[in-house]
Amino acid sequence: MTSPAIPDPNRVLIFDTTLRDGEQSPGASMNLPEKLEIARTLEALGVDIIEAGFPVASPDDFAAVKAIAEQTTRARICALARALTGDIDRAAEAVRPAGARARIHIFLATSAIHRQFKLNKVKEEIVKQARDSVAYARTLCDDIEFSPEDASRTEPEFLAEVVQAVIAAGARTVNIPDTVGYAYPNDYADLITYLRAHVANIDQAVISVHCHNDLGLAVANSLAAVRAGARQVECTINGIGERAGNCSLEEVVMAMRVRKDMFAGITTGITSSHLYGASRLVQSITGLTVQRNKAVVGDNAFAHESGIHQHGMMKNPECYEIMTPQSVGVPDTNLVLGKHSGRAALGARLTKLGMPVGDDDLGKVFEAFKRLADRKKEIYDGDLIALIEEVVRGTTLSVWKLDYLHTSAGTEAIATATVRLSKDGTTVTDAATGDGPVDAVVKVLQRICGVSAAVEDYRLRAVTKGGDAQGEVSMRVRVVSPEAPDGVVVGGKGLSTDIVQASCLAYLDAINRSSYLIGRLDYRVTPTEEGSGSPGVRKSGSRTA
Ligand code: KIV
Ligand code: ZN
């Protein structure tokens with residue numbers, strides 16, 4: 001399978017869309033510094049292409065793609081566009097700072113149901129719009145990817161016609177999305193085989209796959225497609241994405257690595273020991289926590305509970321472990337740094353974890369590290385990962401800041417919380433009672449910040465082992481406001497050795513983030529405009545941000 005488009009037939013390109021499709025997960029909106037942090041982490045992880053956003057969707061999306069194009073150095077930076085000149089112009093402008101690393105990704109639906117109900121177009125019109133949009137995009141950028149949306153439910157002959165037309169117009173990558181997660185591994189592999197046999201110019205493009213997880217088959221479908229000849233996999237960290245999510249990057253990469261018998265000679269550019277850190281960062285920023293038993297990066301992925309398993313592990317870990325925790329970067333439980341460690345040692349350790357931080361952030365992480373070292377003797381990799389997440393979040397959205405917290409509670413006492421917050425140089429102090437200290441804290445914060453925000457989900461996790469471990473609280477909060485009468489669901493996170501304080505910080509983080517997200521609700525792409533030829537925005541008051 002050698003061709004001009006595929007210099008190394010054994011290399012599978014990893015196209016990460018955490019910042020685009022991943023951000024479409026309900027509640028997963030990210031702000032600019034968070035997106036930049038994820039982009040840096042993806043580069044360190046070794047992904048080949050970062051899909052950084054959908055520039056026409058909002059001024060914020062445009063700014064994020066542009067900043068990522070400016071501040072990355074190695075990965076290709078891709079922007080999504082509908083098959084419309086306005087979208088393509090905006091995408092081209094956003095990725096321009098990436099120079100030769102720039103890519104535009106155009107999509108247009110091809111299935112019968114989308115043609116009839118969404119686009120109201122016949123086949124000939126679709127082929128023309130697809131071809132024209134790619135040809136136009138090629139005048140602005142050398143690297144064009146085209147996606148026939150809902151490809152897996154498109155008539156194969158028509159799909160082949162569209163794919164051939166866009167390659168002839170200059171697309172270098174043709175993506176075959178399983179947009180609604182309907183595909184089944186054998187059929188999906190057969191579709192790739194069919195296209196390889198029936199598209200005359202197929203060797204001039206890389207075949208890509210983009211699988212959604214509605215039936216839990218996204219990884220299986222992607223792997224089947226690679227075995228059938230696809231050489232780009234589109235995926236997200238932790239499998240986040242629209243509805244049930246996308247193919248999970250860590251799972252698909254480790255499956256190809258561990259099952260060398262099924263993927264002989266196949267390589268990716270991923271440094272697998274950075275997978276855990278990347279997963280933690282995305283969980284923290286999006287508030288979408290993975291389940292304990294999640295493959296590869298879940299808390300239980302390497303835990304052995306039963307005596308028989310533990311005995312086998314002691315004799316030979318391979319009895320029950322098909323990959324080592326070290327190979328995916330699960331943090332060392334040995335002491336790694338202490339009170340007397342310096343800034344350089346901290347920086348080196350973070351780089352080793354796949355989370356390099358810039359000089360400014362390193363200063364802030366170092367201050368936080370010193371504060372933690374005063375409270376906690378032994379600092380582990382898990383603590384460092386959590387600290388980075390904390391600093392990145394904390395510096396990005398400091399609207400309300402916690403100055404003081406005192407709670408009292410007990411079996412016979414009414415729980416009371418006294419809180420002092422500051423914002424823009426003013427401080428406010430108030431107190432409230434509640435059903436337990438966390439409830440009292442939530443009530444007083446609502447009063448001070450003047451918001452209506454119900455806690456919909458609350459999770460507490462010990463970051464490391466031991467009685468002095470830091471507690472990490474992740475919350476999902478529905479914030480209702482005049483701009484968003486149905487509410488926006490916002491994730492918040494707080495970290496402290498005191499779990500009531502961690503809860504307070506998590507709730508405050510969610511409130512701070514909500515003011516940013518509600519500000520973004522005004523600019524979203526109208527779905528019905530796809531066929532109309534004019535890009536645009538709509539006002540929406542009820543989007544889940
Ligand atoms: O799922 C999908 O079809 C997409 C396209 C934009 C590639 O996300
Ligand atoms: Zn998708």
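**Reading strand pairs and a zinc site**

Q: In which sense do β10 and strand β11 (residues 426-434) pair, and over how many bridges?

A: In this predicted model, β10 and β11 are antiparallel partners, with nine bridges between them. One facing pair is A415 and G434, the latter in β11.

Q: What do β10 and β11 form, and how many residues lie between them?

A: They form a hairpin with two residues between the strands. In that turn D424 has a positive phi of about 50°.

Q: How does β9 relate to β10?

A: Strand β9 covers residues 401-408 and β10 covers residues 415-423; their pairing is antiparallel, over seven bridges. L405 has V419 of β10 opposite it. These two strands also make a hairpin, here with six residues between them.

Q: Which residues coordinate the zinc ion (ligand 2)?

A: The general idea for ideal angles at a metal is 109.5 degrees with four tetrahedral donors, and 90 or 180 degrees with six octahedral ones. In this structure D21 (OD), H210 (NE2) and H212 (NE2) coordinate the zinc ion (ligand 2), at 2.0 to 2.1 Å.

Q: Where do D21 and H212 sit in the chain?

A: D21 is in the loop between β1 (13-16) and α1 (32-45), and H212 is in the loop between β7 (206-211) and α8 (218-227). At 191 residues apart, the pair links distant parts of the chain. The donor spacing in sequence reads D-x188-H-x1-H.

Q: Are D21 and H212 buried or exposed?

A: Both D21 and H212 are buried.

How values were computed:
Residues numbered from 1 in each chain as written. Chains lettered and ligands numbered in written order. Predicted model: local features only at pLDDT ≥ 70, side-chain atom pairs only at ≥ 80, totals over all residues. Heavy atoms only, no water. Pairing = 2+ DSSP bridges. Helix = DSSP H or I, 4+ residues; strand = E, 2+ residues; numbered from the N terminus. Donors = N, O, S within 2.8 Å, 3.2 Å for Na, K, Ca; no water. Buried < 20%, exposed > 50% of the residue type's maximum accessible area, 1.4 Å probe, protein only.
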